[in-house]
Amino acid sequence: MWQAKIVVTYKAGILNPEAKIIQQALGNLGYQKIAQLETGRYIQIQYDNDLDRSQVETLTRELGDKILSNPVIQKYDFELVEVQP
Amino acid sequence: MKFGVVVFPGSNCDHDTYYVIKKVLGAEVFYVWHKETSLRIFDVLILPGGFSYGDYLRAGAVARFSPVMNEVVAFARNGGPVLGICNGFQILLESGLLPGALIPNAGMRFLCCSVHLKVGTTDSVFTRTYQTGQVLRMPIAHYAGNYYADDDTLKRLQDEDRIAFQYCDVEGEVSDKGNPNGSKLNIAGIFNEYRNVLGLMPHPERASESILSSADGLQIFKSLLEKN
């Protein structure tokens, strides 16, 4: 059965204060070599057994576009992995 | 005139809104459960503040798929006035009835305080009893109230006179100082292109009686009662 690992992040140019503050805090701790830091949301979906890879890919894109991300401010990436039921 | 106040699981300003319309305004008002699919009897619909579905995923993202929302969208497309307050504004943006999005406040803190607002335009059924440039005081209470839209959308909102309210200082100056949450152009509320949908982050229902420190919000509800 297929599993989708989806990561939703803000688009470039959208203020992400959380990422900024984490980066600052790491800098204060002495980690000065961090050029960029992003935060996002991880969503994992396990699909029913009867869906093949291409159906799962189409469905994941539909969910990503329709509800899991807001395309005005966010983008998403995903990978599909086959797991044992 | 019949007002409908939509109740989602997690709405918490529905009672305040209902109270203001019934007791302060003296108009007819009904709660509308989010599973309702017939809204024909209503003249005005209000999406109240709160934390619908716990704000999970994104504020308003889940409520936007409630059964009632298809009807709210149809009602708005037919020209019916729809007012979204705070979480209601977030739901209107997620549903595409208004452009842009609300992201977490620039300071990463939940803000609960009084703010000053400048009336951007009186050209709407919601703002017609105000004066353009009038300075109002209303409370805000939100974590994700930082209005974002791309530059083209912002320009369109300006060109089409669709900015209903902007955060300002006590003098009415629209500046960074008066901007509590980092919103682009200090935007606190906007209209759709037909001016029958208004979304705003401040709470007019909590500023509708002077004994509760401000009655500046009541005029939004009063404006809706006025005959064209």
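The model described here is predicted.

Strand β3(B) pairs with two strands of its chain. With strand β1 (residues 2-7) of chain B it runs parallel, joined by three bridges. In this pairing B:Ile46 of β3(B) is the bridge partner of B:Val5. Strand β4 (residues 82-85) of chain B also pairs with β3(B) in the parallel sense, over three bridges. There, B:Leu45 has B:Val82 in β4(B) as its bridge partner. Helix α2 (residues 67-77) of chain B belongs to a right-handed β-α-β unit, together with β3(B) and β4(B).

Chain A has an open sheet of three strands in the order β2-β1-β3, and the pairing is antiparallel. Its edge strands, β2 (40-46) and β3 (74-82) of chain A, each pair on one side only. From one strand to the next, the twist averages 20°. A:Val8 stands opposite A:Arg41 in β2(A). Helix α2 (residues 53-68) of chain A lies across β1, β2 and β3 of chain A and runs at about 155° to β3(A).

| Strand pair | Sense | Bridges |
|---|---|---|
| β1(A) (residues 2-10) and β2(A) | antiparallel | seven bridges |
| β1(B) (residues 2-7) and β3(B) | parallel | three bridges |
| β3(B) and β4(B) (residues 82-85) | parallel | three bridges |

How values were computed: Residues numbered from 1 in each chain as written. Chains lettered and ligands numbered in written order. Predicted model: local features only at pLDDT ≥ 70, side-chain atom pairs only at ≥ 80, totals over all residues. Heavy atoms only, no water. Pairing = 2+ DSSP bridges. Helix = DSSP H or I, 4+ residues; strand = E, 2+ residues; numbered from the N terminus. Axes fitted to C-alpha atoms, helices over the stretch in contact; angles between N-to-C directions. Contact = heavy atoms within 4.5 Å. Right-handed = clockwise from strand over helix to strand, strands pointing away.
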